[in-house]
Amino acid sequence: MTDTTGWKQNAQDRPFIASFSGGKDSTLALYKASQVGQAVGLLVMLEEEGKRSRSHGMPPELIQAQADSIGLPVFTAAASWADYESVFMHLLEKAKQQGAEVLVTGDLDMPAHGCWHDKVTKNAGLQLGMPLWEMDHREAVDEFINLGFITMIVTVNLSLGMTEDDLGRILTPEYVLELEARKIDPCGEGGEFHTTVIDGPLFQQPIAVRKCPIIRDGDYAFLPLERA
């Protein structure tokens, strides 16, 4: 039986490593955990070529810009899907050597049983912290926006109601209402979209970005960003 009693509070008074995609959910989780615990770094997984992040397709230099503005070191490595878990475990071990006791993630809907993050943290001798777990999706988005975070839509799934016109848009209260009117989860938890955070209360300065030409791949369209 999985013990989930501390998943929302495990970062309390503990040093933690934050699994970081550069998007809104991982950023909000980092913010909330940082209010009660001490972050020792950001854990970022790259695709096997090392040119883009595994989750949101961000270039390493943009991730580094976010980390520099936040003021945290990056624990990063490239991995294929075949060796993803072993590489992830290696980064957890490095973070543990730097004092981390908890892995913080931005998951909202992680199942209580069969949770991959729960397995790897136990194997690494760490606790799992998920400040957003089981949070209402609209509540999470509203809190993120009301805190003053600025995030841009960078990936859309065209088969789930999103369009290329959504790329580059900033998540605002008005846009959230529009997404809901279009029957789209405002958190994008169904895989509808991904975002890149460029400013907010964690950041010492905003991230200046340049929009690159849109890339299309099957049902997906991507807006690559570069540091301006």
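Rings of Phe, Tyr and Trp, the last taken by its six-membered ring, pair if their centres lie within 6.5 Å; planes under 30 degrees apart count as stacked, over 60 as edge-to-face and the rest as tilted. Good morning, colleagues. What I present is a predicted model, in which local features need pLDDT of at least 70 and side-chain atom pairs count only at pLDDT 80 or more, while totals for chains, interfaces and linings use all residues. Residues are numbered from 1 along each chain as its sequence is written, and side-chain values use heavy atoms, with hydrogens and water left out.

I begin with the aromatic residues. The structure holds 8 aromatic pairs. In one of them, tyrosine 31 and phenylalanine 149 have ring centres 5.8 Å apart and planes at 85°, so the pair is edge-to-face. These two residues are 118 residues apart, and the pair links distant parts of the chain. Both tyrosine 31 and phenylalanine 149 are buried (under 20% relative accessible area, with a 1.4 Å probe and protein chains only).

Tyrosine 84 and phenylalanine 88 form a stacked pair, 6.0 Å centre to centre with 20° between the planes. Tyrosine 84 is buried, as is phenylalanine 88. One aromatic cluster consists of Trp81, Tyr84, Phe88 and Trp116. Arginine 54 lies over the face of tryptophan 81, at 4.3 Å from the ring centre; the criterion is CZ of Arg within 6 Å of the ring centre and within 35 degrees of the ring normal.

I turn now to the sheet.

Terms used. Helix = DSSP H or I, 4+ residues; strand = E, 2+ residues; numbered from the N terminus. Buried < 20%, exposed > 50% of the residue type's maximum accessible area, 1.4 Å probe, protein only.
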